[in-house]
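Dear colleague,

I am handing over the structure we spoke about, and my notes on it follow directly below. Please read them with the coordinates open.

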Amino acid sequence: MTSVTVKARSGREAPPDRGDRRRRDGAAWFLVLPALIPILILSVGPLLYGIGLAFTDAQSGRTRSTQWVGVLNFQDLWHDTLFWDSFRIGLLWAVGVTVPQFVLALGLALLLHANLRMRWAARALAIIPWAMPEVVVGIMWRLLYNPDAGILNETVRDLGLGDGRDWLTGLATALPAVIVVAIWAGMPQTAVALLAGLQNTPQELHEAAALDGAGAWRRFRTVTWPAIRPVALAVSALNLIWNFNSFALVYVLTSGGPGGRTRLPMLFAYEEAFRYGQFGYAAAMGCVMVAVISVILAFYLVGRLRGGDDA
């Protein structure tokens with residue numbers, strides 16, 4: 001009996017054949033495998049290996065045997081004040097970069113969305129910092145911050161504001177100086193994402209609000225922000241995670257100095273692993289950072305689920 005006959009007699013479609021469903025699922029997995037295999041090999045595999053390494057005393061050296069030590073690395077990490085100082089600096093860094101970065105990127109996106117002449121050229125120029133490698137950005141800003149011949153100190157001297165200072169080696173200025181660089185380098189990426197959200201906002205809603213007498217701020221609060229809020233939440237969560245895991249930019253600019261004032265958790269783990277050869281201890285630090293990132297993602301997902309798909 002065909003499915004058409006069953007539908008005609010019962011008034012509803014017959015359930016799909018299980019064999020057809022299995023074949024469709026098999027075809028879907030076959031199409032996903034080319035993307036799934038590299039993820040498993042290059043991401044999931046090293047992650048699981050690193051988690052296992054955190055419970056050992058693995059150190060550098062070919063002849064040294066590795067022993068299982070359980071949670072000893074985590075116990076040592078709990079009492080390691082240097083790590084928790086770097087963790088505090090990492091949180092301060094992540095928030096200090098993400099929040100101003102989002103505010104400035106939102107303003108830039110609104111400007112690029114406006115009906116201005118040569119808007120295409122402005123959009124192209126705005127993404128230049130995003131297109132530059134982090135190492136190049138770090139080298140360029142080190143030249144700008146140079147205490148003797150840097151443009152910043154030359155400008156300070158020309159304005160009669162003093163003799164300038166060594167921005168990247170001063171205890172009070174190193175972290176703010178690096179934060180400024182990170183904001184400048186990451187702002188275009190956030191602006192592009194927010195601009196995409198603005199372009200998907202129906203223009204009719206703005207026109208209706210304007211006819212009702214709504215000003216620019218009210219139109220932004222009642223029309224623009226609700227439309228781009230899902231994009232804003234997603235990009236802010238990703239930026240927070242990305243900034244917390246920063247390495248290359250800070251390494252090029254300060255290498256964690258001066259006096260550990262810019263030593264982020266990723267830099268601390270790098271030093272423990274590749275400078276001091278404490279692979280197991282560094283892997284335990286990585287596990288803590290993965291846990292922090294998982295908590296951030298959990299808060300983001302819970303917020304999206306509570307607010308619905310359009311929140």
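A pocket here is found on a 1 Å grid over the protein atoms alone, as an open set of points where a 1.4 Å probe fits, with protein on both sides within 12 Å along at least five of seven lines, and lining residues have an atom within 4 Å of a point.

Please bear in mind that this is a predicted model, in which local features need pLDDT of at least 70 and side-chain atom pairs count only at pLDDT 80 or more, whereas totals for chains, interfaces and linings use all residues. Residues are numbered from 1 along each chain as its sequence is written, and side-chain values use heavy atoms, with hydrogens and water left out.

The space in this second largest pocket is about 280 Å³, a volume being the space filled by probe spheres set on grid points that are joined across faces, edges and corners. At least two lining residues come from each of α4, α6 (128–131), α7, α9 and α11, with α9 giving the most, five residues; helices are DSSP runs (H or I, at least four residues) numbered from the N terminus. By class, this lining has ten nonpolar, seven polar and one charged residue, where Ala, Val, Leu, Ile, Met, Phe, Trp, Tyr, Cys and Pro count as nonpolar, Asp, Glu, Lys and Arg as charged, and the others, Gly among them, as polar.

The largest pocket holds about 340 Å³ of space, and M266, A269, Y270, G286 and M289 lie nearest its centre among the 14 residues that line it. The elements giving two or more residues to this lining are α13 and α14, and α14 gives the most, with seven. Twelve of the lining residues are nonpolar and two are polar, with no charged residues.

Finally, E271 lies in helix α13 (residues 265–275) and is buried, at a relative accessible area of 9%, buried meaning under 20% with a 1.4 Å probe and protein chains only.

With best regards

Definitions and conventions
Buried < 20%, exposed > 50% of the residue type's maximum accessible area, 1.4 Å probe, protein only.
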